[in-house]
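Open the model in your viewer and follow along. The tour goes from the whole chain to one residue.

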Amino acid sequence: MHGKPALPLDLYEIGSSAGLNLLFDRFHYRYGDSEWGEVASPVRLAPETRGSAPDLSGVLDIATRKGSDIAPINVSRDDQRLRLTSYVWADQEARLSRLRAAIELANETPFALEKVDAADFVDAALADRWPDRATVLFHSIMWQYLRHETRARIETALEAAGRAGGSPIAWLRMEPSDTNEPFALVSLTLWPAGKRRDLARCDFHGRWIEWLL
């Protein structure tokens, strides 16, 4: 994708925690010799890269940023920022620095977090689709914690909405394909075609990424 994006994106994340991943377009990324994102961003991600990075010339237009969690964290509150920071080991300075920088961006960029069941959240997102926007559902390292019934509801809702036509739907996830695997799989399913594509394998904390393109 070059130049202006075809459609604005409505981003919906399940298992959002504090919602910081809803700001992913505000980060800077470097994959070997390729880079993308805000050049001056305080959040800079430069994992070890294996394989060939995809074309990074695309432009994103984010119209909506909404997340859900059963226990969302509000980083505008001192006590909840401390709570979130406490989940990172004190000697992992690089991760702590990235977290603090992402919290700074969260204070600048509006987004919404809801305390709601993941399947209910997805149902509402699909019901509110705009004809001139693309709906993007994404999540990372949380699918395994959902009940089987909740997973089935989400999968069924996405399939039904995708088959019904209308504006495009994307399901992007970074999850282990097997709980015994030492890495996560980044995969993307796009409707109306409903085709899945595995994009990459990566370290759970982003230390390396192996492109499969």
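This is a predicted model: local features need pLDDT of at least 70, side-chain atom pairs count only at pLDDT 80 or more; totals for chains, interfaces and linings use all residues.

Residues are numbered from 1 along each chain as its sequence is written, and side-chain values use heavy atoms, with hydrogens and water left out.

**Select the whole protein chain.** Colour by secondary structure: there are four helices and twelve strands. These are DSSP runs, with helices being H or I of at least four residues and strands E of at least two, numbered from the N terminus. Now show the C-alpha trace. Along its principal axes it spans about 50 × 40 × 40 Å.

Of the 213 residues in the protein chain, 40% are buried. Buried means under 20% relative accessible area, exposed over 50%, and partly exposed in between (1.4 Å probe, protein chains only).

**Go to D117.** Find the loop between β7 (112-115) and α3 (118-127); D117 sits there. Is D117 buried or partly exposed? Its relative accessibility is 27%, so D117 counts as partly exposed.

A polar atom of the D117 side chain lies 3.0 Å from the backbone nitrogen of A119.

D117 is in contact with both T150 and R153, leaving aside its neighbours within four places in sequence. Contact means heavy atoms within 4.5 Å. D117 and T150 are 33 residues apart along the chain, yet their C-alpha atoms are separated by 8.5 Å.

How values were computed. A polar contact is a pair of N or O atoms within 3.5 Å; within protein, one must be able to donate a hydrogen and the other to accept it, and residues adjacent in sequence count only if both atoms are side-chain atoms.
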